[in-house]
Amino acid sequence: MIRRVVASAAFAVMLVGLSGQAEAQKRNLVIATSQSDAGKLDPHLASAGADKGLLNYVFNALVRIKPGEANPEFIEPDLAESWTVNPAGIEWTFKIRSGVQCHDGTEFTATDAAYSLQRSSTKATSAFSGDFSALDKAEAVDKNTLKVTLKNPIPSLLGLLSNYHGGLMVCKKAAEEAGDGFGKKPIGTGPFMFVEYQPQQFVKLTANKKYWRGAPKIDEITYRYVPSDATRDLAFRNGEVDMVFGRQTDQWVQRTKDIPGVKVVAMEPAELNVLHLNMAMKPLDDIRVREAIAHAIDRKAMVQFGGPEATREAVSVIPNGNLGLNPKTPLADYNIEKAKKLLADAGYPNGVTIKSVASTLPVLFRISETVQGQLSKAGIKLDIEPVDHPTYHANIRKDLSGVTLYQAARFPVADTYLSQFYYSKSIVGTPTAVTNFSHCTAADKEIEAARSEPNVERQKALWFAAQEKIAKEFCSVPFSESLVIWAWRDSLDFGYPMKGSLNLMPHLTEKAQFTK
Amino acid sequence: MTAFLIRRAALAIVTGFAVLTLVFVLVRIVPGDPALVILGDYASESALQALRERLGLNLPLWDQYVEFLKGALMGNWGVSMVTGRPVIEEILKVLPWTIELTVVSLILGLLVGVPLGVWAAIRRNQTLDYLIRVVSLLGLSMPAFVSAVILLLMFAIQVRWFPVISAQTGSLSAWFQSIALPAINLGIIMAAYITRVTRSAMLEVLQEDFVRTARAKGVPWNAVVWRHALRNALIPIITITGLFLGIQIGNSVLTEIVFNRPGLGKLIVGALNQRDYTMLQGMMVIYTLIVVFINVLTDIAYGLADPRVKLR
């Protein structure tokens, strides 16, 4: 009898213990990024990918790209519930959501939104002020109404106001009080609040229990800076880290997929790998030489080299997935004989040597070397000058490179990439320079017209035409796109399918949780 | 001793000033635009220009130098161009981690290296001597990042005695867990170096007349080696250890990166990659002061080890 009572009691205790364990769901998330340390944690100054991704958890914007997507076609309300625009496309009125609290307890109103837009459009306080050059004024009509007036219509104001770059909204009181020190303790309205920063180690965020979309199901995020690839991989394998930034290689993807309980995703947006051909430098001023280079690059082989899990073939002179992408852009076919003939016609029957300033960043340098190998088959000798990454960026902007390999994604509206890389006012070395390394001017008319075209279909047609012209002029030779690779525990449920994120980091919302 | 310290302090100031000037010029000669690194590659030329003006990078070099010197003399080392945080604050936050790692690896290096060196010397040209010399050569030749990854694979992944990410605080066991593998990694190199130096120094001292006399008088062999011979071999050991310590602080960057510990090495590599001029200037002066301080400590150690040495 006593034995039976003891056995029953023991069994009951065991059941209670097990049920307690089953309910002890993990609520702390550890993320490892490849950045070596935090940069500026001010949303209007953060330019590093890892900083932008983190700040997306702390701040909201007027609108957001639906979590899990990287396409502006999926823009949805965020701090702004709704909006209207006048027929000229110049006056926008936003209805600001009521009852939203900043992390310091103050209420977020149209005044904060107006202040935020002023801040992000001012050179002294924003790295993205150039994006807002068309902004005339932003004013709070009343507590919940924001009026934005533009100097001229632009292709995507909602894109600018989304949770990307300068669109993140700061709280006026906190920002004014902190001044230049706002980045030390960022205050926003997002699902997670800044707690602490330890140099070279981590940033800690805690759940904002009063978040207006609902309290997060994750209590704490530790965002670790782990620059060593090997350490990051081992920490992930060891269970010390729940989500990790991966390497853009098939080997890494396969190796990581083999770890039990892990999910690996190649996310949008893909960064376009492209050779910009400097038409201001001989012999690239000759279109036959440029065309020869285009025919000497085997896009399929470049995808094979990068690995099909992490790489895909380029489709146009702008990245795939961009609004306004022309899927029928006439890219050159791979043809070594044609390349040689073109060179001979241009007066280089024995081949040609062209200088290329190349970054020694491993992810870029291996591509440079592969391109060099491909071009050599057509008699084009790429004279690579390897320099460290900051020097590479400085030198290509000084027009020192003939062939410039560049890997980049931009806000996925055709105008952004076209304007920065193929518009005459963006030519490097000029007062309005951005990243037009090729000195391309082939599609200026179309790019300008598309900017102010109110009809969506006509705008698209102009962008299509621009891409066609640029391709036919051989301003650049796009060949592949590299996707962003992340891995996480398969028990981490984001609350939506994770296909992409403009900030290059999975977008964590209040819905994210561990299922065990 | 006081005069010695004052003279050394004055020398440190002059050295720091010279290094500061050299670094100021060198970092600005290296190509690369800090404004571009800070704002990102999509920044327009006008935004870059605006930032260069704000950071004072558009001023003539001489004006920038004078501004910096004025600030440095008033104790204002400026803010990091990349993060906007005060340079001195950033350095002081990671300096204790570097000092901790260097001191612990030095202690490990001495505890392992000195006895191994002594044993190798007293068993000269025997199996133990060859074994110790081969092992120390391996220790010297093995790149720090390779040994670091091997240690992680063995002790963090295979047997799980230690975490992969080493920077932990809060309790003694957490501290031990965080320092053990990085200190062993740096300690291996230290021990290898000290082993070879100790062996050479001991071999020389063991040939001295006083050693033969002590043995003839019947002093136990252990006492001859560890009390008399080793003490006389200490001067070259202290010299080389002091020199190597200064180098190790710089070399710790690979260990810091693989074990993900904060430290001066990581800070300086990051500042160099980002062309953070103000951080680089501050870091170089700190490094100079550290090296000078280590040299002073080395000199003081001479005086303690050898009563014949008088510090003036």
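Q: In this predicted model, what is the handedness of the crossing in which α7(B) passes α10(B)?
A: Helix α7 (residues 144-158) of chain B and helix α10 (residues 221-259) of chain B pack with their axes 9 Å apart, at an angle of about 30°. Angles under 35 degrees count as roughly parallel, so α7(B) is roughly parallel to α10(B). The crossing of these two helices is right-handed.

Q: Which residues of α7(B) and α10(B) make the contact between these helices?
A: On the side of α10(B), the contact is made by Asn251(B), Leu254(B), Thr255(B), Val258(B) and Phe259(B). From α7(B), the residues are Ala144(B), Phe145(B), Ala148(B) and Val149(B).

Q: Which element gives the largest share of the side of chain B that touches chain A?
A: In this interface, 40 residues of chain B are in contact with 41 residues of chain A. The elements of chain B that give two or more residues are α2 (34-39), α3 (45-55), α5 (87-122), α7, α10 and α11 (264-273). The largest share, five residues, comes from α3(B).

Q: How many helices and strands does the secondary structure of chain B come to?
A: Chain B has 312 residues, of which 41% are buried, and its C-alpha trace spans about 85 × 55 × 35 Å along the principal axes. Read along the sequence, its pattern is α-α-α-α-α-α-α-α-α-α-α-α. The count is 12 helices and zero strands.

Q: Why is α11(B) described as largely enclosed by the rest of the structure?
A: The buried residues of this helix are Leu264(B), Gly265(B), Lys266(B), Leu267(B), Ile268(B), Gly270(B) and Ala271(B). Their cover includes α5, α10 and α12 (277-305) of chain B. The helix α11(B) is largely enclosed because its buried residues number seven of the 10.

Q: Which residues touch the most other members of the largest nonpolar core?
A: This core holds 233 residues, and its largest share, 17 residues, comes from helix α8 (residues 172-206) of chain B. Leaving aside neighbours within four places in sequence, Ile293(A) is in contact with Leu275(A), Leu277(A), Leu375(A), Ile380(A) and Val477(A). The residues that touch the most other members are Ile293(A), Leu418(A) and Met283(B).

Q: What reach does helix α15 of chain A have from its first C-alpha to its last?
A: Helix α15 (residues 456-473) of chain A has 18 residues, and 26 Å is expected at 1.5 Å a residue. Its buried residues include Trp463(A), Phe464(A) and Ile470(A), and what covers the buried residues includes α13 (414-422) and α14 (444-451) of chain A. The reach of α15(A) is close to the expected span, at 26 Å.

Definitions and conventions:
Residues are numbered from 1 along each chain as its sequence is written. Chains are lettered from A and ligands numbered from 1 in the order in which they are written. This is a predicted model: local features need pLDDT of at least 70, side-chain atom pairs count only at pLDDT 80 or more; totals for chains, interfaces and linings use all residues. A nonpolar core is a set of buried Ala, Val, Leu, Ile, Met, Phe, Trp, Tyr and Cys residues joined through C-beta atoms within 7 Å. A residue is buried if 20 or more other C-beta atoms lie within 10 Å of its own, exposed if 12 or fewer, and partly exposed in between; C-beta atoms are placed from the backbone. Helices (H or I, at least four residues) and strands (E, at least two) are DSSP runs, numbered from the N terminus. Two residues are in contact if their C-beta atoms, placed from the backbone, lie within 7 Å. The expected span of a helix is 1.5 Å times one less than its number of residues. Axes are lines fitted to C-alpha atoms, for helices over the stretch in contact, and angles run from 0 to 180 degrees between N-to-C directions. Angles under 35 degrees count as roughly parallel, over 145 as roughly antiparallel, 65 to 115 as roughly perpendicular and the rest as oblique. A crossing is left-handed if the near helix is turned anticlockwise from the far one by less than a right angle, and right-handed if clockwise.
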